[in-house]
2 protein chains.
Amino acid sequence: MTTSFPMNDGNSAYSYFNNSQRQKEIIDASKEMVREAIIGRLDVEVMLSSSKLFRIIELGCSIGPNTFHAMQHVVDVVKEKYNNINLEFQVFFSDHIDNDFNTLFRSLPMDRSYYASGVPGSFHGRLFPSRSIHFAHASTSIHWLSRVPKELLDEKSPSWNKGLIHYGTSNSEVVKAYVAQFEKDMEIFFNARAEEIVQGGIMVFISPFSSYIRLVEFFGSSLMDLVNEGKLDESLVDSFNLPMYFPSPQDMTKVVEKNGCFSIEKMELTHPKSKLVDDFDAKTFIINLRAVLEGLLINHFGSKIAEEVCERTLLKAEEISTWMKANGGKPCQLFVALKRK
Amino acid sequence: MTTSFPMNDGNSAYSYFNNSQRQKEIIDASKEMVREAIIGRLDVEVMLSSSKLFRIIELGCSIGPNTFHAMQHVVDVVKEKYNNINLEFQVFFSDHIDNDFNTLFRSLPMDRSYYASGVPGSFHGRLFPSRSIHFAHASTSIHWLSRVPKELLDEKSPSWNKGLIHYGTSNSEVVKAYVAQFEKDMEIFFNARAEEIVQGGIMVFISPFSSYIRLVEFFGSSLMDLVNEGKLDESLVDSFNLPMYFPSPQDMTKVVEKNGCFSIEKMELTHPKSKLVDDFDAKTFIINLRAVLEGLLINHFGSKIAEEVCERTLLKAEEISTWMKANGGKPCQLFVALKRK
C-alpha cells in the first residue's frame, strides 16, 4: 500500500508553509534552467492544435507558498515565448490525499494568471487523463519513496539498518535496498506520466542531492542520543527509516532509459548559491527539515519524543555549520529536463 | 466583495458530511431527470473531436458525500449512452475557497471511475478555462447569493427586513431586493458558464423550492424568542439576513433568457417522494439545515447564541411536523436542464 508523509500542515510556528525557505532557494536556483527548458525545448504550436489551453501539473505541491512561485514562473515564461498566442493556463496542484489542501487553497495568490485546481493522490500512480498535460514540474518531491524498503526492518537481512534512520552512513546493502525501491517507484511514476503528458510535453525535476543525506543524519544522531541516555528503546530507532532517496544523475539516467518514453534534454548537478549557507544559518536548515520530518517522527515515536529530537537537533546547529563550511558550504541539487517522445 | 458561507466542516456530530440526508434525497429524486438530460440531449460525438476526455463540474460540491453520488451517476449514464467509445472522465469539485476540501478529498470513493480534482472559488465568477467543460451540475447550490442585498439592512429603505432573517413572510419590497440580487448574481454566473461550457454542453440545476423558505423561518422565530426573552438585542436580528433565494421557474426563465447563451431543455417543479417526510422526521430536516446555517449564525451571533438557536429550533420539531402534514408533506424542488447553444 502506498503511504503518505505530509509536511507539517496549517500556518503555525513549525508549519511547512512558514518553514520552507531552503526549498524556495532550490526552486529559485533552478528558475533559469526551467526557463531554458521552456524557451529551448517547448513547441506549443505542435502540442495545442485548436485549443489554446496549456495545462501544467505540480507533483508534490505541499501547502505552499513555494509552489505558487514555481507555477507562476512556468506560466510567465511560456507566455513570454508565445506572446503572439492568446493562451489560457490551468495549473493542477497535486499531492497526497492527506496534504493540507485547505491551507494551499486559502493562500492561492489573488493575482495569479491561471485557473487553479487541486488533485489529491500519489504520483506513484495515475492522477490525470491521458495526453492532457503539457508541462510537469516536481521540486523537492521525487525523492519521496512510496514506502520504506521492507528489508531495512528485517534483522536477518544484510540490509538491516540498525541504529540508523537513513542510508548516509549505512552499509552498501542498505543503499542497494533504497536504490531498488527508488527504481521500482520511478517505474510506476514514469509509466503514469508517459500516459498523461502529451507528445512534446516537458517534465522537470529539481531534487536535493547529497548534502541532505548528511543533514538528515543529525536527526538520527539525536534519536541515538536519547537511546544512549536510556530515554528511548533502540528497537524503535531500528524500526524507523526515512522513505526518501536522493537520486544521482546515474540513477536518473537508468530509470528514464528503462521507461523509454522520455528523452533527457538536460541533466545537471548544480551548486546554487544559497543565502542560508552564506549566513551559515544552520538553524533555518534544521527547522525547514523539521517541518518536513516531524510528521514521520510523530507517527513512529509519538509527539513528545518527536519534539525532543527536533529541539536537540537544533542544539547541533554549530556542529552542522562547521560541517557545512568543511563541505564547501554548498548543497548540491540535481536538475533534470525531460521531453515526452 | 463576494463572501462565502461554508457548510459545517469536518466529520463531527453536526457536520454537513454527516447531516445532509435531505440534500441526498434531492439528488436522488433528480437522478432520473439527469439521466434523461444526458440520454436525450447530449451529443458527445459532436463535442469531443479527437480527445476522448469528458469533463464534468460540480458547482457547490461542499464536503460530500452527496456530491460523489451525483458525479458517479453522471459518469455512469454517459458511459451507458456511449458504451462504444472509450471515454475518460475528469470531475472538478468546486466550492468556495474556505470549503473544507481536506474532508472532501479524504472521503473520495476509492472505486470512482473518474479523475478527481478540486477547484476553489466562487461560481459567481470564472473558475475554468474557456470551452473546457461538457457537463455542469449544481445541486442545492445556486440559491446561495453572493451577498445579502444591502437594502435589507437599511432602516430607511422600504426593504428593511426588521425582525426577520429571510423573505418568507416579509413585505414585497424585501422579496424584490432578494430577486434583484439573485438576478444580478445569475447574470455573472451565466456569463462565466457560457465561456466555460462547450457548445452542446449540458448544465443541470437542482434547487430546493418553497418548503425551505418556511423551514428557515423556524430558525428566525427561535432568534426572536431569544429577543422576546431579553437574551438577544433585536438590532442583531434586524442586521442578520440569509443570503439565499430559492428561484421559481419564472425567475429561472428570466435569467436564462437574459443571458441568451443557453436553451432550456427541461424545467420542472417536482414533489419527490421524501423518506424523511414520510417518517415526519422533522428533526433530521432541522439538523440538516443546522449543518448549513450554523456557520452563518456563529459569524453573526457568536457560537453560544448560534447553538441555542439550533437547539431551540429542534424543540419545534412537532410544530414543524404539523406544518409539513398540513402542506401536503411534500417539499418542492426545481429541476432545470440547459444546453449551451
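In chain A, the axes of helix α5 (residues 172-196) and helix α8 (residues 249-259) come within 9 Å and cross at roughly 40°. That angle makes α5(A) oblique to α8(A). The model is a predicted one.

**Helix packing in chain A**

- Two packed helices are described by the angle between their axes and the distance between the axes.
- The crossing of α5(A) past α8(A) is right-handed.
- From α5(A), the contact takes in A:Val179, A:Phe182, A:Glu183, A:Met186, A:Glu187, A:Phe190 and A:Asn191.
- From α8(A), the contributors are A:Asp251, A:Met252, A:Lys254, A:Val255, A:Val256, A:Lys258 and A:Asn259.
- By class, the residues of this contact are seven nonpolar, two polar and five charged.

**Strand β7 of chain B**

- Strand β7(B) spans residues 333-340.
- Seven of its eight residues are buried, so β7(B) is largely enclosed by the rest of the structure.
- β7(B) pairs with strand β5 (residues 197-208) of chain B in the antiparallel sense, over seven bridges.
- In β7(B), B:Leu334 stands opposite B:Ser207.
- β7(B) also runs antiparallel to strand β6 (residues 262-270) of chain B, and eight bridges join the two.
- B:Phe335 in β7(B) is the bridge partner of B:Glu268.

**B:Asn288, a helix residue**

- B:Asn288 sits in helix α10 (residues 282-301) of chain B.
- Its relative accessibility is 1%, so B:Asn288 counts as buried; the cut-off is under 20%.
- B:Asn288 and B:Tyr14 are 274 residues apart along the chain, but their C-alpha atoms are separated by 8.2 Å.
- Not counting residues up to four places away in sequence, B:Asn288 touches B:Asn19, B:Ser20, B:Gln21, B:Arg22 and B:Gln23.

**B:His124, a loop residue**

- B:His124 lies in the loop between β3 (115-120) and β4 (133-139) of chain B.
- At 12% relative accessibility, B:His124 also falls under the 20% cut-off and so counts as buried.

How values were computed. Residues numbered from 1 in each chain as written. Chains lettered and ligands numbered in written order. Predicted model: local features only at pLDDT ≥ 70, side-chain atom pairs only at ≥ 80, totals over all residues. Heavy atoms only, no water. Axes fitted to C-alpha atoms, helices over the stretch in contact; angles between N-to-C directions. Helix = DSSP H or I, 4+ residues; strand = E, 2+ residues; numbered from the N terminus. Parallel < 35°, antiparallel > 145°, perpendicular 65-115°, else oblique. Left-handed = near helix turned anticlockwise from the far one by under 90°. Contact = heavy atoms within 4.5 Å. Nonpolar A, V, L, I, M, F, W, Y, C, P; charged D, E, K, R; others polar. Buried < 20%, exposed > 50% of the residue type's maximum accessible area, 1.4 Å probe, protein only. Pairing = 2+ DSSP bridges.
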